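Dear colleague,

I am passing on the structure we spoke about, and below it you will find notes on what turned up when I went through it. Please read them with the structure open beside you.

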Amino acid sequence: MNHPVLVVGAGPVGLTMAMALKRRGVNLRVIDKSFARSDKSKALVVWPRTLELLEIQGCAPAFIAAGIRGRGARIFAEGNPLVHVRFDIARSAYDYALMIPQSETERVLEEQLAALGTQVERRVELLSFQDNGDSVGAVLRHPDGREETVDAAYLCGCDGAHSTVRHALGVQFDGSTMPSDWVLGDVHIEGDLSREELTICWQQDGVLAIFPMGETRFRVIADVGASSVAAPAAPTLEGLQALLDARGPQGLRAYDPFWLSGFRINERKVRDYRRGRVFLSGDAAHVHSPAGGQGMNTGMQDAFNLAWKLAMVWHGQAAGTLLDSYSPERSAIGDQVLRNAGNMTRIALLRNPILRELRNLAAGTLSRIPALRQRIVDQLTELDLHYREGGSLTQSPRGAAEHPSPGDRAPDIGLRSTDGNARNLYALLATGRFAVLSVDAPAVDLPQGTRSIAVAAVAAADTAYQAGHVYLVRPDAYVALSVRAGDDATIIAVLERLEAG
């Protein structure tokens, strides 16, 4: 029997990894050196693409029940309305930003994991590990001081920005720290303020952003300029109120703070997310500006990407080379998110009056163009993330469909028939297998040997897909490749190469 997978870190990324592995029947242990899960709100938004992946895991409703729906965002410049974007143009069943504190995200994930029969091992610390080629030997320290030596099939480092796993690997965490201090306050606010939209204020002396968290509860984030102090100080309620008065809509009063904190923005990333049988995910691999609220989402999507691959290899269904695709795919996504978030922050922080005028003119004009407004929403919601650049899992044979293209997100679609009982594509992907999806075309007769990793299905013509084509859709709802109907041999050959030898 295989050794279990060891997941280090039980924040949102580690819990997502553990849940996704456990749903695929992988034996695992998940450890965390903290006494309990976080009680802080921290990361505040779950975007539509992450909700789609949670739907495949069968737990999106539990998240939705714990959050509130953010319907859009407004940007004000020098107090004047500049940009209004609504998320209901997102091309997803989840056409909103789910505003949910990280403490609740962790609670829901931990409850999902517990329902699958696995508990987080708290106050258990990873002391050291060694990749032995066919397993990973790890030394753990328990709360009573006892040390335990374990053998793991693989080790997943999901242990945050100060990752023990990353430090032990000795990999560079390249990047820089932005030269400004920021303050954060989760507070109640009284006044005329949208309860369902993000409010962003660009002012000459800095930026202020307000995120709804409930009926009267909001998060306020603002930059406060550069500081020579070693660590940024936590703000006072009075200081936060002064920022609201100076930069926010008029007449707002903050009271009853839940959490006040100071922070600096780091932009850092490792080059390789894998070394042998050891993997890095989430903040252990990349940290960036909170602009766009995409850090936790990107980390959770790291976990979704790796989990189905690990599960197939762990069960002996797919060759170990499948794991080679993880680092190139997620490193490219990390670069994209790092670049986008950094650019958004730098644009908001412009101080030069001429550049601010140009920024405001461009933002106000471009946001009124429907195609560009759609592009903004696609980027924020992470529905535009893709693996088009190729790699071992993305191929573009002759006759491939133009939409969705190989490497693109695969939208959900109703099924006319399937080898199982699933009524839609995402329910079919919940089996953890590839979907061989024929759109307005005959079903593909899969060889018996490929049916442990793939299942055939048929859908009627739909605007989301190109009729007369067959799509190979990965378990994480991205298109690996597509062919014209009748070219079954190309898809079957790809599946046979993926199979374990």
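**A buried pair, and what surrounds it**

Asp-186 has a relative accessibility of 0% and therefore counts as buried. Please keep in mind from the start that this is a predicted model, and that what follows was computed from its atoms.

The partner of Asp-186 is Arg-219, and the side chains of the two meet in a salt bridge with a distance of 2.9 Å from N to O. Because Arg-219 belongs to strand E16 (residues 217–223) and Asp-186 to strand E13 (residues 174–190), the pair ties together parts of the chain that are 33 residues apart in sequence. Arg-219 counts as buried as well, since its relative accessibility is 5%, and the cut-off for buried is under 20%.

**The domains**

For orientation, the chain is divided into domain 1, which is made of the segments 5–44, 101–171 and 271–341, domain 2, which covers 176–267, and domain 3, which covers 408–500. Where domain 1 meets domain 3, the contact takes 13 residues from domain 1 and 14 residues from domain 3. The C-alpha centres of these two domains, domain 1 and domain 3, lie 29 Å apart.

Between them, domain 1 and domain 3 bury about 990 Å², and 56% of that area is on carbon and sulfur atoms. On the side of domain 1, the residues that lose the most area to domain 3 are Trp-308, Met-312 and Gln-317, which together account for 51% of what that side buries.

As for polar links, four residue pairs are in polar contact between domain 1 and domain 3, with both residues of each pair at pLDDT 80 or more. On the side of domain 1 that touches domain 3, helix H7 (residues 295–314) gives the most, with six residues. The residues of that side of domain 1 divide into six nonpolar, four polar and three charged.

The rule also finds one salt bridge across the interface of domain 1 and domain 3. A salt bridge joins the side chains of Arg-474 and Glu-329, at 2.7 Å from N to O.

Glu-329 and Lys-309 are both buried.

Another salt bridge is formed by Asp-302 and Arg-330, whose closest N and O atoms are 2.6 Å apart. Here too distant parts of the chain are linked, as Asp-302 is in helix H7 and Arg-330 in helix H8 (residues 326–348), 28 residues apart. Asp-302 and Arg-330 are both buried.

Over the whole structure, the search finds 32 salt bridges. Elsewhere in the chain, a network of salt bridges links Arg-74, Arg-86, Asp-88, Glu-196 and Glu-197.

**Backbone points to look at**

Most residues other than glycine have a negative phi, and most peptide bonds are trans.

A cis peptide bond, with omega at about -20°, joins His-403 and Pro-404. Pro-404 is in the loop between helix H10 (370–380) and strand E21 (417–418).

Asp-440, a residue other than glycine, has a positive phi near 50°, and its place is in the loop between strand E22 (434–439) and strand E23 (454–459). With a relative accessible area of 44%, Asp-440 is partly exposed.

Ala-477 likewise has a positive phi, near 65°, and is found in the loop between strand E24 (469–473) and strand E25 (479–484). Ala-477 has a relative accessible area of 0%, and so it is buried.

**One more loop residue**

Thr-450 is found in the loop between E22 and E23, and with a relative accessible area of 1% it is buried. What does Thr-450 touch, if residues up to four places away in sequence are not counted? Thr-450 touches Leu-495, Glu-496 and Glu-499.

With best wishes

Notes
Residues are numbered from 1 along each chain as its sequence is written. This is a predicted model: local features need pLDDT of at least 70, side-chain atom pairs count only at pLDDT 80 or more; totals for chains, interfaces and linings use all residues. Side-chain values use heavy atoms; hydrogens and water are left out. Domain bounds come from an automatic or database domain assignment. Contact means heavy atoms within 4.5 Å. Buried area is the accessible area (1.4 Å probe) that two parts lose on being put together, summed over both. A salt bridge is a side-chain nitrogen of Lys or Arg within 4 Å of a carboxyl oxygen of Asp or Glu. A polar contact is a pair of N or O atoms within 3.5 Å; within protein, one must be able to donate a hydrogen and the other to accept it, and residues adjacent in sequence count only if both atoms are side-chain atoms. Helices (H or I, at least four residues) and strands (E, at least two) are DSSP runs, numbered from the N terminus. Ala, Val, Leu, Ile, Met, Phe, Trp, Tyr, Cys and Pro count as nonpolar, Asp, Glu, Lys and Arg as charged, and the others, Gly among them, as polar. Buried means under 20% relative accessible area, exposed over 50%, partly exposed in between (1.4 Å probe, protein chains only).
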